[in-house]
Amino acid sequence: MKPAPFDYVAPKTVAEACAILSEAGGGATVIAGGQTLMPLLNLRMSQPFILVDVNHIEGFSGVTRVAGGTRVAPATRQAAALNDETLARYVPALVRALGHVGHHQTRNRGTVGGSVALGEPAAEMPACAVALGATIEIASVRGTRTLAARDFYIGPYMTALEPDELVTGIVYPDWGEGHLVLFNELAQRPGDFALTGMVGALALGGGKIARAGLAWMAMGPIPVAMTEAEAALVGQSLDAIDVAALSELALRTTAPFDDHHASAEYRRTVGKRLFEKTLRAAAQVKEAA
Amino acid sequence: MQMSGEQRIAAPRDKVWAALNDPEVLRQAIPGCQSLTKEGADSFAAVAEIKIGPIGARFKGKVQLSDIDAPNGYTISGSGNGGIAGSAKGGAKVRLSDAPGGGTLVSYDVDAQVGGRMAQLGGPIIDATAKNLAGKFFAKFGEVVGGGDSPVVEAAAAAPATTAAPVAARTHSAAHSGSIWGWVAALLMAILVGYYLGASGTSGGMVSLVLALLVIVAAAAFEAGKRGGGR
Amino acid sequence: MSAGVGSARLIGKRLERKEDARLLTGHGQFTDDVVVPGMLHVAFARSQVARGRIVRIDTEAARDVPGVYGVLTAEELAKRPITMMSFFFAPTEVPVTPLAGELVQYVGDPFALVIAESRALAEDAAALIEVEIEELDPVVTLADAKAMAPIHPGTDGNVAAEIGDEEPEEEMAAVLTSAAFRIKQKVIHQRISQAPMENRAILATREGPEELKLFITCQSPHNIARWVSLALGLPSTSIRVISKDVGGSFGLKNTPWKEECAVICAAWLTGRPLKWTEDRWEALTASCQAREAEMTLDVGFDEQGRMLASHGVYDCNNGAYPQGADSNIAVHMFLWAAYKLPAYSFLSRGWYSNTNGLAAYRGPWAMESLIRETLLDKAARKIGIDPVEIRRRNLVYLKDQPAVSSMGIPVDDITPGECLDKLVQYFDVAAFRKEQAEARKEGRYLGLGMAAYIEPTGSAGSMAPMTGELAQVRIEPTGKVTAAMSTHSQGHGTATTMAQCIADRLGVPYEDVTVFEGDSAHGGFGPGAAGSRQGVIGGGAAIRAAEMLSDKVKALAAHLYNASPESVTIADGVVHVSGAPEMSRSIGELAAIAYGEPDRLPPGLETGLEAQFRYQPPPMTLTSAAHACVVEVDADTGFVKILRWISSEDCGTVINPGVVEGQISGGLAQAIGMVLLEDMPYDARGNPQAATFKDYLLPAISDVPMIEFVHANTPSKTIGGMRGVGEGGAIIGPPTLVNAIADALSPFGEIEDLRLPLTPARVLDVIEQRNVSGPSQAPAGAPPPPAAAPAVAAAPEPVAAPCGPVSIDGDWNMVLKTPMGPQAMVVTFRTSGSAVEGTFNSPEGSQEFAGGVLEDGRLRFDLKVEKPMKITLKYDLQFDGDAVAGKCKMGMFGSAKVSGTRA
Amino acid sequence: MSEHKVEMTVNGARLCATTEARTSLGDFLRSDGGWTGVHMGCEHGVCGACTVIVDGAAVRSCLMLAVQADGATVTTAEGLAAPDGTLHPVQQAMRENHALQCGFCTPGVVCTFAALLDRNEQTNEAELVKAMSGHICRCTGYQGIRKAAKALAEGTVGQGATA
């Protein structure tokens with residue numbers, strides 16, 4: 001289990017990195033934390049000609065406040081993000097989810113941006129980006145663009161990122177003071193990918209739900225946004241929501257898989273309960289407050 | 001994996017036919033193709049670099065054709081070998097017909113198998129991803145042949161619920177992603193193009209076989225990422 | 001806790017392990033850590049299909065890779081012939097070659113070997129080997145094996161080994177049908193990967209024409225040296241096997257298998273030191289695996305829940321190249337050994353398939369406890385009595401002993417009932433039932449599971465490799481004590497426990513004793529860790545050798561100080577003469593005299609201070625236990641949380657509680673894995689589906705609770721009184737946990753067929769009484785067509801005699817299909833009229849028989865066998881020209897097929 | 001395939017060598033550094049046996065390239081005990097509590113615990129056990145490891161085994 005040979009470069013600037021990706025014409029692969037990529041390299045399921053290490057790019061690590069949101073630089077370590085005060089205050093859902101990403105040892109190396117860019121449908125980071133309505137900043141020699149996380153994911157490990165493009169940041173919009181965080185995940189062992197799980201946020205205004213962002217983990221080929229449930233939630237007051245009806249709506253957009261850990265039917269059945277349990281808990285939190 | 005479905009291509013049958021019989025069109029359309037070599041009268045080999053996200057491999061492909069009933073359909077069988085990553089082989093029964101209300105109806109029944117690490121690491125996600133990519137392929141194909149008119153794929157027949165909303169729903173936007181078409185096309189090239197150079201009287205349907213093979217290869221590889229282990 | 005014999009000072013103490021300072025600081029020596037000059041690395045090219053015919057292998061591109069030393073295929077490797085054998089040193093029924101030549105028989109089957117300057121380069125080259133394989137339909141499941149044609153050319157079916165009778169005999173069938181309660185249980189056991197943390201590894205170096213040195217991760221360097229010497233047919237070659245630290249084995253590393261043998265042959269042919277370290281993908285794809293089996297058990301009970309009769313049918317998947325074709329007779333031997341059951345009959349079969357070969361795994365016969373103990377709980381629920389009570393009514397208590405089991409096993413010195421009684425004294429069942437009832441009102445589903453069992457340990461003398469153990473102990477001139485032991489640790493801590501035994505018996509500080517093992521050049525032959533034996537036999541050897549050495553020291557001291565040996569004592573390394581404290585001397589001073597001043601020794605006492613003892617224990621020593629565990633099942637998700645686990649075991653004298661509890665806990669963790677997590681499924685094409693640890697789920701720290709121990713120990717009849725504990729946890733753990741889950745689920749329904757692992761989805765199947773877990777990947781139990789079951793039915797009916805009188809005089813090569821695979825033998829018949837006598841010659845020895853009767857070419861005679869147990873074999877053979885076929889009725893083991901030809 | 005000159009400090013000693021880009025930190029430490037206490041158990045980041053301490057944090061050495069550790073300070077199980085051989089408290093706690101059997105996963109476990117405790121002496125038992133979920137031990141059933149974590153958190157190391 002040794003990787004096939006490859007070249008290694010560690011550019012210091014985004015421009016440098018983009019130039020390399022462009023020249024490589026699809027033969028390059030970007031490594032940030034490498035906690036998913038390295039197993040693929042060792043198994044020779046990934047055989048790039050050039051490995052582009054973005055860990056040394058200026059400003060590629062850290063959390064900053066931007067207009068209307070919080071920006072996480074792509075090579076920010078998951079462990080650092082987990083303990084970041086800005087994130088704890090403005091993007092608590094992300095912090096909740098980070099505690100479930102892999103293990104202590106992999107979070108010390110793994111990055112937020114790497115996980116977002118890979119698009120593992122059962123992972124926490126892509127689901128968070130979709131649920132919270134994050135924007136993904138992308139650069140290439142052709143210029144820069146931004147893409148909504150909801151347009152970023154196409155299939156398992158398949159994203160809208162072109163071979164010559166690089167993720168340069170993820171911006172999580174503010175959900176406002178006192179917004180509710182929804183997170184629940186079911187995994188057989190700590191650090192395993194979810195059998196099913198959900199993450200989301202509810203912004204409140206005047207006792208009613210002003211904004212809702214919800215997404216599933218492991219319920220389809222991509223992190224699945226609960227678009228219909230979101231729409232139904234907006235305008236309702238927490239204590240009046242029909243959780244059972246909502247969970248039906250939430251399931252509509254899913255397409256879970258069978259594998260030998262869990263059947264699609266299991267994921268649907270338990271995912272629905274997870275959703276209802278999580279929403280009821282959130283509602284109670286509010287009532288208590 | 002098994003996959004069956006049908007797809008309306010927004011173009012007259014002769015145009016679909018011609019486009020699919022024009023190696024030049026394909027050669028231009030297909031990125032990632034590294035070489036084409038004729039190995040015999042009706043046997044060709046092609047090599048293409050498939051890459052999806054970080055996952056990829058160098059594939060060698062071959063195809064054979066049987067039960068030719070031009071221009072109505074045939075059975076095609078082929079294989080793609082990705083070395084240590086694994087291999088895919090299979091066949092498809094393909095039919096072309098005029099679609100009611102214009103255009104061409106391509107219907108296909110694919111039965112293919114994947115081997116090697118991809119089969120071990122791929123898991124049952126293969127079927128769903130195959131249908132997912134089938135939609136994307138046809139959306140793009142319709143775009144190319146139909147000149148911009150990009151039909152949405154109809155859900156494959158007799159498919160489990162795994163082809164539900166998001167899959168189809170995403171098809172359209174997928175069509176605008178060059179990379180997807182590229183990778184779809186790459187194995188299409190790998191396994192198919194060789195054939196065109198040798199065989200006469202063919203039809204567009206064979207695309208779906210090659211598609212299926214790529215799909216399997218790619219799908220398994222996707223899942224490999226998930227199964228690879230780390231985070 | 002019982003310290004066992006004598007006034008133990010060190011035996012029974014929770015001492016720190018001798019091994020740990022080395023291992024904790026990263027200074028262990030595992031096989032991959034060893035580097036020798038000129039060493040090259042090996043990688044294998046492996047089949048991507050489960051079954052096929054190799055058409056063409058093109059290695060040219062691989063050979064051209066810079067840094068590649070060579071590429072070998074089966075043809076080239078065959079220049080160094082090797083005869084691969086089972087764990088019992090018996091030739092395999094189906095020839096096993098290190099590399100696949102004509103046929104590939106499982107995914108991962110190696111067909112070429114690359115030698116290069118680094119492992120990475122070797123893998124680069126292996127990836128460039130082009131192979132064309134004509135794919136054949138694979139035989140994957142037990143159902144496939146029963147229904148499809150044989151995978152191995154020249155075999156008459158996929159049956160690798162079989163024993164017993166298809167149907168219960170009439171009287172038993174009658175008892176079962178007329179029983180007040182008739183309970184059936186079916187278990188479908190998944191395939192398990194032993195998954196030691198250290199994968200297989202070997203470094204083979206040929207040192208000149210006459211010496212072979214192997215560094216290999218194994219279960220006994222002595223056993224490997226013996227196996228390799230026989231396999232290579234090199235008695236004249238010095239073979240040294242070194243295996244200092246081993247990262248676990250659990251049965252996998254009993255014998256070198258395909259890859260190790262390939263490396264040995266390649267090293268012999270090339271003359272270069274070759275290292276192969278298996279990576280985890282290889283380990284989960286191509287290493288031998290374990291367990292996959294199906295069993296149905298049928299038991300008749302009377303109104304009081306007492307057992308009347310039972311019939312069991314067991315099938316296990318041997319894969320393509322098992323480390324010994326196996327129908328697992330031990331399952332039936334021990335199924336009811338601890339229970340009062342008048343009559344038991346069975347059929348047991350092992351099947352070949354295009355999957356990885358079967359190897360041992362901690363308690364290979366564990367199915368017996370799993371199916372029996374889960375059936376008893378099912379029976380208790382159906383009959384309406386307490387699970388503890390149904391066991392009390394049927395278990396063999398001390399007061400019932402000695403007894404003989406329905407399978408003819410002498411049952412003595414076992415205490416499963418007593419362990420169960422101690423268990424329920426410790427655990428308040430009534431209080432739990434209250435708590436359980438309360439919890440159910442809140443929608444919380446608690447469950448209590450209990451199980452009892454006995455286990456054969458410390459076995460020696462019945463099978464070729466299963467010998468006694470040797471202890472060679474000496475007091476060095478420095479006064480320090482060193483011992484060369486035939487034992488070997490893969491984590492067992494034998495260097496610690498053996499040192500405790502020696503220090504205890506010799507009267508020296510534990511710190512002063514060093515134990516050497518792990519090198520076939522040290523100590524004597526021992527099979528190592530196989531069957532929970534080293535503590536029992538090695539411990540006994542160490543104790544007796546130390547006592548012999550102690551006597552020698554006392555004799556010397558008595559002579560030097562004109563005292564009587566009885567007045568001499570040794571404590572903390574100092575020799576005392578009672579009543580004469582001024583004469584106390586350190587053991588070192590006496591050692592200096594013993595080695596250096598022969599004149600001062602008493603006449604007849606040899607110089608030096610050394611003693612050795614090879615302990616031949618009783619054929620087997622039985623360990624007993626009863627366990628309980630408490631679980632909570634989440635009715636929404638099907639997740640199982642283990643809340644408590646209590647072990648009440650009788651493992652005789654405890655040498656080191658830390659080591660004993662460690663063995664039991666480790667086995668229990670593996671039991672938890674088997675019930676809840678671990679699974680190695682194959683797809684329809686024979687691809688193993690759990691190729692990484694992301695898919696093959698090993699228990700993590702969160703899956704295993706703190707284990708509570710109730711030591712119910714009674715010394716055994718061995719020297720030192722130990723009983724084996726190596727495998728027990730993995731045997732009794734699964735039924736204990738399954739019973740707890742079944743108890744928690746009882747408000748919803750029964751777990752009808754027990755299919756492992758009990759994934760959350762399968763638990764929901766029971767809770768919701770519908771199919772949540774989806775399409776089952778396990779064998780669809782298609783009944784085999786009659787033709788495909790050449791079982792006992794194949795025994796010949798007496799047919800009309802061939803024309804003319806049959807002469808059977810002379811030598812015949814015959815094969816008996818025994819539970820341990822086919823046994824080859826040469827039989828010489830001597831006839832006078834219809835009377836026949838003759839001689840059996842087999843590797844185990846020679847045996848005469850007489851009183852045979854020959855009629856119309858049908859020969860019937862009895863053969864009385866003493867080993868491994870007293871049994872009369874009734875042969876019924878039909879001769880036809882130069883061929884002979886028939887069956888051999890082996891007492892309660894049922895019938896086995898016999899076939900042969902004239903020599 | 002590019003080769004790189006890599007220099008790092010391992011257990012206080014300088015390790016400088018030229019290696020292929022594809023060489024993992026774990027393989028580099030073993031083959032170029034001779035630090036064979038680093039055990040490669042799965043090479044895909046699950047088992048944790050290869051865990052080492054890089055710049056103060058426990059990481060998988062199979063999921064990091066040697067070239068990525070250029071300039072780093074690395075500690076392996078070999079580097080934890082005092083020069084006079086006195087065991088690190090983590091090693092002592094594990095020895096006292098029989099927290100290992102075959103010892104293959106052990107160096108990784110030791111590194112994870114040591115990194116946590118050296119960063120924060122107040123690390124509690126729960127945190128240690130949670131971090132342990134990143135390691136697979138096939139032998140012990142984690143009993144001694146739990147006891148060791150308890151002893152480390154409660155500062156009772158050196159007071160002998162917990163029965």
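# Chain interfaces, domains and aromatic pairs

Biologist: How many salt bridges are there across the interface of chain D and chain A?

Modeller: The rule finds two salt bridges between chain D and chain A. This is a predicted model.

Biologist: Which residue forms a salt bridge with A:K2?

Modeller: That is D:E43, and the closest N and O atoms of D:E43 and A:K2 are 2.6 Å apart.

Biologist: How many residues does the contact take from each of the two chains?

Modeller: Chain D gives 29 residues and chain A gives 30 residues. The area buried between chain D and chain A is about 2400 Å². Carbon and sulfur atoms give 55% of that area.

Biologist: And which residues of chain D supply the area it buries against chain A?

Modeller: D:R22, D:L63 and D:Q68 supply 27% of what chain D buries there, more than any other three residues. As for polar contacts, 14 residue pairs count between chain D and chain A, with both residues at pLDDT 80 or more.

Biologist: Now chain D and chain C. What is the area buried there?

Modeller: About 4100 Å² is buried between chain D and chain C, and 60% of it comes from carbon and sulfur atoms. On chain D, the three residues that supply more of the buried area than any other three are D:R95, D:H98 and D:R138, with 22% of what chain D buries against chain C. In residue terms, 45 residues of chain D are in contact with 56 residues of chain C.

Biologist: What about D:R138, which residue does it form a salt bridge with?

Modeller: D:R138 forms a salt bridge with C:E678, and the closest N and O atoms are 2.6 Å apart. Another salt bridge joins the side chains of C:D32 and D:R30, at 2.8 Å from N to O.

Biologist: How many salt bridges across that interface?

Modeller: Five salt bridges are found across the interface of chain D and chain C. There are also 22 residue pairs in polar contact between chain D and chain C, both residues being at pLDDT 80 or more.

Biologist: And what does the salt bridge count come to over all chains?

Modeller: The count over all chains is 88 salt bridges. One within chain C is formed by C:E19 and C:R17, whose closest N and O atoms are 3.9 Å apart.

Biologist: C:E19 and C:R17, buried or exposed?

Modeller: C:E19 has 5% relative accessibility, so C:E19 counts as buried. C:R17 is at 2% relative accessibility, so C:R17 counts as buried as well. The cut-off for buried is under 20%.

Biologist: Let's go to chain A. Which domains is it divided into?

Modeller: Chain A is divided into domain 1 (7-56), domain 2 (63-171) and domain 3 (180-288).

Biologist: How many residues are in contact between domain 1 of chain A and domain 2 of chain A?

Modeller: In that contact, 14 residues of domain 1 of chain A meet 17 residues of domain 2 of chain A. The C-alpha centres of these two domains lie 18 Å apart. Between them, domain 1 of chain A and domain 2 of chain A bury about 1200 Å², with 73% of it on carbon and sulfur atoms.

Biologist: Which residues of domain 1 of chain A lose the most area to domain 2 of chain A?

Modeller: A:C18, A:L21 and A:Q35 do, and together they make up 35% of what the domain 1 side buries. No salt bridges are counted between domain 1 and domain 2 of chain A. The count of polar contacts between domain 1 and domain 2 of chain A is one residue pair, with both residues at pLDDT 80 or more.

Biologist: Change of topic. How many aromatic pairs are there over all chains?

Modeller: A search of the whole structure finds 21 aromatic pairs. One of these is A:F152 with A:Y153; the ring centres are 5.1 Å apart and the planes are at 85°, so this pair is edge-to-face. Both A:F152 and A:Y153 are buried. C:W336 and C:Y339 also form an edge-to-face pair, at 5.9 Å centre to centre and 85° between the planes. C:W336 is buried and so is C:Y339.

Biologist: Which residues do ring pairs link into a cluster?

Modeller: They are C:W812, C:F829, C:F840, C:F849, C:F861, C:Y875 and C:F879.

Biologist: Last one, where does the charged end of A:R65 sit?

Modeller: The charged end of A:R65 sits over the ring of A:Y90, 3.5 Å from the ring centre. In chain C, the charged end of C:R206 sits over the ring of C:W268, 3.7 Å from that ring's centre.

Terms used:
Residues numbered from 1 in each chain as written. Chains lettered and ligands numbered in written order. Predicted model: local features only at pLDDT ≥ 70, side-chain atom pairs only at ≥ 80, totals over all residues. Heavy atoms only, no water. Phe/Tyr/Trp six-rings, centres within 6.5 Å; stacked < 30°, edge-to-face > 60°. Buried < 20%, exposed > 50% of the residue type's maximum accessible area, 1.4 Å probe, protein only. Lys NZ or Arg CZ within 6 Å of the ring centre and 35° of its normal. Domains from an automatic or database assignment. Contact = heavy atoms within 4.5 Å. Buried area = accessible area lost by both parts, 1.4 Å probe. Salt bridge = Lys/Arg side-chain N within 4 Å of Asp/Glu carboxyl O. Polar contact = N/O pair within 3.5 Å; in protein donor to acceptor, adjacent residues only side chain to side chain.
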